[in-house]
Amino acid sequence: MLTTPALLAVASGLALGLGLIVAIGAQNAFVLRQGLRVEHVAAVVAVCALSDLALIFAGVLGAGAALSRVPWLIPVVCFAGAAFLLCYGVLAARRALRPGALLPDAAGARTGLAVTVGTCLALTWLNPHVYLDTVVLLGSMASTYGEHRWEFAAGAGLGSTLWFTGLGYGARLLRPVFARPAAWRVLDGVIAVVMSALAVSLVVRGVSGA
């Protein structure tokens, strides 16, 4: 049975994972496009979700091992993570004030499975931000939860899986929604609030040293 600290770690990982991944970007645009075209959706969702899981767990293993040898780095990581999240929240707030639209063209010739998977892998693994967000940030944040770091990682992985699955298979239902800038205004506004709240919690954790 999960204890309260473990549930908090799962919830925090889920919130941070979703906050980092739910944004207009090349990878999400590609997943949405494939969903709208109903083309190799299962393969695309699987590649994105499994890639994220691999990156998250690699980050937890690496960052956790490093911080366990240097305990005083935990407050530093907390403050650095808080600064990063606050900046991320500010950027999300700016996007909310100046929203865009994301609606890839659903028309056109079908693409082969190999090409689709290759494109998806490139958009995932050749994106420098994925290493900062997923490996460094999520891995470092997970290490601050000590023995519950794997619950944090599980929450982040769950958030990633839910997002890609929902985006890929729900794309046809979301098409009229994401065609309107107001939808992204709401979404980015929520991201800004979540990121800011997590930043405050990290500052508190860093000050307390817990």
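**A walk through an all-helix model**

Leu61 counts as exposed because its relative accessibility is 55%, where exposed means over 50% relative accessible area, buried under 20% and partly exposed in between, with a 1.4 Å probe and protein chains only. This is a predicted model, in which local features need pLDDT of at least 70 and side-chain atom pairs count only at pLDDT 80 or more, while totals for chains, interfaces and linings use all residues. Residues are numbered from 1 along each chain as its sequence is written, and side-chain values use heavy atoms, with hydrogens and water left out.

Let us stay with Leu61 for a moment. This residue sits in helix α3, residues 41-69. Together with Phe57 and Trp150, Leu61 makes a nonpolar patch on the surface, and the three share about 280 Å² of accessible area. Patches are built from residues with over 30% relative accessible area and no salt bridge, joining like charges within 9 Å and nonpolar side chains (Val, Leu, Ile, Met, Phe, Trp, Tyr) within 5 Å. The areas come from the Shrake-Rupley method with a 1.4 Å probe, and for residues only the protein chains shown count as cover.

Now for the overall fold. The protein chain has nine helices and zero strands, so labelled because helices (H or I, at least four residues) and strands (E, at least two) are DSSP runs numbered from the N terminus. Along the sequence the pattern reads α-α-α-α-α-α-α-α-α. Of the 210 residues in the protein chain, 42% count as buried.

Next, the empty spaces. Rolling a probe the size of a water molecule over the atoms shows where empty space is left. The search uses a 1 Å grid over the protein atoms alone: a cavity is a set of points where a 1.4 Å probe fits but cannot get out, a pocket is an open set with protein on both sides within 12 Å along at least five of seven lines, and lining residues have an atom within 4 Å of a point. Grid points are joined across faces, edges and corners, and a volume is the space filled by probe spheres set on the points.

The largest pocket holds about 600 Å³ of space. Among its 24 lining residues, Leu20, Ile21, Asn127, His129 and Asp133 are the closest to the centre. Two or more lining residues come from each of α1 (4-21), α2 (26-37), α3, α4 (73-97), α5 (113-125), α6 (128-143) and α7 (149-169). Helix α6 provides the largest share of this lining, five residues. By class, the pocket lining has 12 nonpolar, nine polar and three charged residues. Here Ala, Val, Leu, Ile, Met, Phe, Trp, Tyr, Cys and Pro count as nonpolar, Asp, Glu, Lys and Arg as charged, and the others, Gly among them, as polar.

There are also two cavities of 30 Å³ or more in the structure. The largest cavity contains about 60 Å³ of space, and its lining is made up of Ser12, Leu16, Leu85, Met141, Tyr145, Phe152, Leu198, Ser201 and Leu202. At least two lining residues come from each of α1 and α9 (181-208), with α9 giving the most, three residues. This cavity lining divides into seven nonpolar, two polar and no charged residues.

Which charged side chains pair up? Side chains of opposite charge can pair when their charged atoms come close. Two salt bridges turn up in the whole structure, a salt bridge being a side-chain nitrogen of Lys or Arg within 4 Å of a carboxyl oxygen of Asp or Glu. In one, Asp188 pairs with Arg95, with the closest N and O atoms 3.1 Å apart. This pair links distant parts of the chain, as Asp188 is in helix α9 and Arg95 in helix α4, 93 residues apart. Asp188 is buried, at 2% relative accessible area, whereas Arg95 counts as partly exposed, at 27%. In the other, Arg37 meets Glu39 (3.1 Å, N to O), and both of these residues are buried.The loop between α2 and α3 holds Val38 and His40. Most residues other than glycine have a negative phi, and most peptide bonds are trans. Val38, though not a glycine, has a positive phi of about 55 degrees, and phi of His40 is also positive, near 55 degrees. Val38 counts as partly exposed at 43% relative accessibility, and His40 is partly exposed with a relative accessible area of 23%.

Finally, Glu147 lies in the loop between α6 and α7 and is exposed, with a relative accessible area of 68%. Glu147 and Pro5 are 142 residues apart in sequence and 9.8 Å apart in space, C-alpha to C-alpha.
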